Amino acid sequence: MSLLFDNTSLELGGNTILRDIRLELASGEQAALIGPSGAGKTSLLLLAATRYRPSSGSLSVLGDNPWHLSARWLRRLRSRIGMVYQSPPLPARQRVIHAVAAGRLGQSGTLAALRRLLWPDDGAAIQDCLQRVDLADKLWQRCDQLSGGQRQRVGIARVLYQQAQLLLADEPVSALDPRLAEDTIRLLLAEASASEASLLVSLHSVELALAYFPRIIGVRDGQIMFDLPREQVHPGVVSALYADERLAESVAQPAHAAISQGLRC
Ligand SMILES: Nc1ncnc2c1ncn2[C@@H]1O[C@H](COP(=O)(O)OP(=O)(O)OP(=O)(O)O)[C@@H](O)[C@H]1O
Ligand SMILES: [Mg+2]
């Protein structure tokens with residue numbers, strides 16, 4: 001089992017962000033997270049990436065409870081988890097080759113890792129990962145001289161290089177044009193399949209999620225509203241997930257007011 005959320009909740013700044021999440025992701029499984037803005041998709045991925053600690057309930061990642069591990073074993077666990085961020089945190093002056101090499105930072109002792117980061121001895125593998133995201137010519141480019149979409153693809157090349165067993169991606173194609181977005185989703189799915197890694201991706205595009213992922217998880221207001229095979233995600237299910245509560249309230253209020261006025265007459 002790659003991920004097991006058991007009644008897991010997350011509180012941040014005194015607010016409940018995720019409530020009683022129950023979710024299993026088997027080894028090698030591929031699923032998309034969808035839901036309105038603020039639903040909790042990023043928070044759920046950050047919990048899975050062990051960047052947040054659950055406030056209650058339990059969470060197992062690649063068979064371990066991250067919060068029962070020593071610092072050393074937690075670092076090892078994290079080196080097996082690849083996270084693609086919506087805006088990859090790439091230091092401005094860093095070169096692309098170093099940004100990709102950082103994918104394997106957690107896989108060796110600190111000194112060896114730093115040496116490899118500064119003088120990557122694996123240029124061919126890094127180049128190959130950049131080739132797969134169509135950035136072969138950017139090896140020595142500075143990250144702050146890349147477009148948003150190119151930075152996003154450097155983030156993807158980094159997890160390809162990392163060879164993670166659990167791939168998490170938060171809006172990995174938000175800065176890409178539609179053709180590149182589809183190519184990138186296909187690439188993530190193919191890479192995950194080839195390495196038998198599990199893949200959990202949050203997407204704003206329901207269309208992309210339904211076109212490419214066998215399992216769709218709908219999140220809203222910090223809870224899982226549905227977790228279904230793609231064939232069962234009918235338009236009504238999607239509309240309910242994205243229904244605007246404020247609109248529903250503003251439509252309901254005048255009717256409610258009229259009824260109470262009627263009662264008064
Ligand atoms: N560090 C934090 N402290 C307090 N509240 C937070 C924090 N991070 C996120 N939140 C809140 O948690 C809720 C869920 O946020 P999250 O970023 O997980 O949503 P999301 O589904 O990823 O949204 P989007 O589609 O806009 O990326 C939001 O209401 C957000 O304001
Ligand atoms: Mg988000």
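## Around ligand 1

By class, the shell of residues around ligand 1 has three nonpolar, eight polar and one charged residues. Here Ala, Val, Leu, Ile, Met, Phe, Trp, Tyr, Cys and Pro count as nonpolar, Asp, Glu, Lys and Arg as charged, and the others, Gly among them, as polar. The shell consists of Leu-12, Gly-13, Asn-15, Ile-17, Gly-35, Ser-37, Gly-38, Ala-39, Gly-40, Lys-41, Thr-42 and Ser-43. A residue makes this list if its C-beta atom, placed from the backbone, lies within 6 Å of the ligand.

Which elements each supply at least two residues of this shell? They are β2 (15-25) and α1 (41-48). The largest share, three residues, comes from α1.

## What you're looking at

This is a predicted model: local features need pLDDT of at least 70, side-chain atom pairs count only at pLDDT 80 or more, and totals for chains, interfaces and linings use all residues. Residues are numbered from 1 along each chain as its sequence is written, while chains are lettered from A and ligands numbered from 1 in the order in which they are written.

The protein has ten helices and nine strands. Both kinds are DSSP runs numbered from the N terminus: helices are H or I with at least four residues, strands are E with at least two. Of the 265 residues in the protein, 36% are buried. Buried means that 20 or more other C-beta atoms lie within 10 Å of the residue's own; with 12 or fewer it is exposed, and in between it is partly exposed, the C-beta atoms being placed from the backbone.

Now for contacts, where two residues qualify if their C-beta atoms, placed from the backbone, lie within 7 Å. Among contacts with a separation of 6 or more, 65% are between residues 24 or more positions apart.

## The three-stranded sheet

Strands of a sheet pair through backbone hydrogen bonds, either parallel or antiparallel. Two strands count as paired if DSSP finds at least two bridges between them. One open sheet here has three strands in the order β2-β1-β4, with antiparallel pairing. β2 and β4 (56-61) are at the edges with a single partner strand each, so one side of each has no neighbour in the sheet. From one strand to the next, the twist averages 30°.

Look at β1 (residues 3-12) and β2: seven bridges join them, and Leu-3 stands opposite Leu-25 in β2. Axes are lines fitted to C-alpha atoms, for helices over the stretch in contact, and angles run from 0 to 180 degrees between N-to-C directions.

## The six-stranded sheet

The other open sheet to look at has six strands in the order β5-β6-β7-β3-β8-β9, and its pairing is mixed. β5 (81-84) and β9 sit at the edges, each with a single partner strand, so one side of each is left without a neighbour in the sheet. The twist in this sheet averages 15° from one strand to the next. Helix α6 (residues 148-162) packs on it, touching β5 and β6 (166-170), and its direction makes about 170° with that of β5.

## A closer look at β8

Is strand β8 (residues 215-220) largely enclosed or open? Five of its six residues are buried, so β8 is largely enclosed by the rest of the structure. β8 pairs with β3 (residues 30-34) in the parallel sense over four bridges, and with β9 (residues 223-229) in the antiparallel sense over six bridges.

You can trace some partners across these strands. Ile-216 in β8 stands opposite Ala-32 and also opposite Leu-228 in β9. Likewise, Arg-215 in β8 stands opposite Ala-31, and its bridge partner in β9 is Pro-229. β8 and β9 form a hairpin with two residues between them, and Asp-221 in the turn has a positive phi of about 50°.

## Leu-62 in its loop

Leu-62 lies in the loop between β4 and α2 (71-79). It counts as partly exposed because it has 18 C-beta neighbours inside 10 Å. Leaving out residues up to four places away in sequence, Leu-62 touches Ser-2, Leu-77, Arg-80, Gln-165 and Leu-166. Leu-62 and Leu-166 are 104 residues apart in sequence, yet 7.5 Å apart in space, C-alpha to C-alpha.
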